[in-house]
Amino acid sequence: MGLQRELFTEDHEIFRNSIRKFLADEVAPHHEKWEEQGYVDRTAWTKAGELGFLCISMPEEYGGAGADRLYSMILFEEVQRQNLTGLGFGLHNEIVAPYILRYGSEEQKQKYLPKMATGEMIGAIAMSEPGTGSDLQAVKTTALKDGNEIVVNGQKTFITNGWHADVVIVVAKTDPTKGAKGTSLVMLERGDQGFDKGRRLKKLGLKAQDTSELFFENVRIPADRILGEEGKGFQYLMQELAWERLQVAISAAQAIETALDLTVEYCKERNAFGQPLIEFQNTRFKLAEVKTIAQVARSFVDDCMSKLLRDELDAETASMAKWWASDMQNKMIDECLQLFGGYGFMTEYPISRMYADARVQRIYAGTNEIMKEIIARKL
């Protein structure tokens with residue numbers, strides 16, 4: 001479609017074919033059932049682990065493939081291409097695992113990463129709280145030292161993979177008097193006494209993705225469960241955000257392409273007033289707009305990815321990619337849905353589910369309003 005992409009080698013494309021087949025064979029047939037039950041079966045995780053699709057970018061000594069992040073980019077794209085939005089692999093592979101790799105002790109890396117690579121352990125990160133949203137400096141959850149232990153109290157909400165999670169990186173205050181400088185990352189595990197999972201939250205979209213509340217009541221954990229240095233949590237979070245935001249943009253760019261492909265196919269087959277919809281000038285003009293936006297999004301996101309691989313992607317550019325691509329995703333899917341007419345409103349048509357799934361892209365990983373604030377600071 002359009003310009004030739006220059007990011008990928010032959011090995012990357014071989015991987016793309018294998019992940020595409022796995023998703024078509026092992027995920028797509030079950031996705032509707034998972035949407036109804038509100039979570040993906042754990043068997044999908046263990047199967048992905050067996051085939052080497054989890055923690056791809058982690059070093060081989062910790063069970064990963066030592067692959068570059070282009071392999072993860074391909075995974076994001078292929079999940080979006082088949083509209084299998086229930087999978088929480090992206091967060092597990094490219095947010096939770098990198099935090100452990102970059103900031104964890106050798107003991108922590110050996111304990112968690114190999115089991116995350118097999119799917120035996122599922123990872124989550126707990127930032128958002130009721131009433132704080134994207135304001136990470138305002139977190140109220142505490143992790144206070146008591147002898148050689150840490151006592152965690154508080155609650156989190158909107159946690160992706162939260163219900164399945166075996167290991168959770170929790171953003172908490174180890175010194176509530178110091179604001180951002182009193183923030184640390186602590187590791188909680190399934191089975192820690194006082195760590196409870198609340199209800200699975202029912203959502204507008206991403207219905208197969210398990211999203212839950214987490215509660216901590218006097219959870220006593222060993223002091224060595226702090227990730228990295230005490231008080232450096234906020235700093236660590238800031239360093240990883242550019243990649244997290246680019247992940248949203250990667251999915252958004254692919255979603256626009258997927259919506260376009262579905263809509264072109266539908267408009268060729270569907271007749272109105274004695275001719276296919278594709279023959280009407282309005283239809284062709286709308287699709288021309290979507291195709292152009294898809295190409296611009298792809299070019300911009302690919303450029304951001306090449307910068308990331310060279311460690312040159314700054315917060316400002318990542319924020320631009322996140323807000324603009326997700327904004328265009330919502331607008332272009334809306335245009336495509338309109339061409340489906342009444343069928344576009346029926347959930348049996350993928351475009352309907354894509355419309356609902358797209359909405360959160362403008363909210364998580366920092367709202368688009370916050371993205372504009374970050375960009376504006378550099379004006």
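**Basis of the entries.** I am working with a predicted model, in which local features need pLDDT of at least 70 and side-chain atom pairs count only at pLDDT 80 or more, while totals for chains, interfaces and linings use all residues. I number residues from 1 along each chain as its sequence is written, and I take side-chain values from heavy atoms, with hydrogens and water left out.

**Pocket.** I noted how pockets and cavities are found: on a 1 Å grid over the protein atoms alone, a pocket is an open set of points with protein on both sides within 12 Å along at least five of seven lines, a cavity is a set of points where a 1.4 Å probe fits but cannot get out, and lining residues have an atom within 4 Å of a point. Grid points are joined across faces, edges and corners, and the volume is the space filled by probe spheres set on the points. For the second largest pocket I counted 23 lining residues, with E35, T347, E348, S352 and R353 lying nearest its centre. The elements that give two or more residues to this lining are α2 (31-37) and α10 (350-358), helices (H or I, at least four residues) and strands (E, at least two) being DSSP runs numbered from the N terminus. The most comes from α10, which gives 6 residues to the lining of the second largest pocket. I sorted the lining of this pocket into 9 nonpolar, 7 polar and 7 charged residues, where Ala, Val, Leu, Ile, Met, Phe, Trp, Tyr, Cys and Pro count as nonpolar, Asp, Glu, Lys and Arg as charged, and the others, Gly among them, as polar.

**Cavity.** I searched the whole structure for cavities of 30 Å³ or more and found 1. The largest cavity has a volume of about 50 Å³, and its lining is made by V40, W45, G86, L87, G88, F89, N161, H164, Q209 and D210. By class, I recorded 4 nonpolar, 5 polar and 1 charged residues in the lining of the largest cavity.

**Salt bridges.** I found E240 buried, at a relative accessible area of 7%, where buried means under 20%, exposed over 50% and partly exposed in between (1.4 Å probe, protein chains only).

I then turned to D192 and R225, whose closest N and O atoms are 3.0 Å apart in a salt bridge. This pair links distant parts of the chain, 33 residues apart, with D192 in the loop between β5 (183-189) and β6 (195-200) and R225 in the loop between β7 (211-222) and β8 (226-227). Both D192 and R225 are buried.

A further salt bridge brings together the side chains of E229 and K232 at 3.3 Å, N to O; E229 is partly exposed at 46% relative accessibility, and K232 is partly exposed at 25%. I also noted a network, built from salt bridges that share partners, which joins R5, E13, R16, R20, E77, E78, R81, E257, R298 and D302.

**Backbone entries.** Which residues did I list for positive phi? C55 has phi near 55°, a positive value in a residue other than glycine, and I placed C55 in the loop between α3 (42-50) and α4 (69-81). F273, also not a glycine, has a positive phi of about 50° and is found in the loop between β9 (271-272) and β10 (275-276). Is each of them buried or exposed? C55 is buried, with a relative accessible area of 1%, whereas F273 is exposed at 82%.

**Spatial pair.** I placed Q235 in helix α7, where Q235 is partly exposed at 40% relative accessibility. Q235 and K181 are 54 residues apart in sequence and 8.3 Å apart in space, C-alpha to C-alpha.

Methods:
A salt bridge is a side-chain nitrogen of Lys or Arg within 4 Å of a carboxyl oxygen of Asp or Glu.
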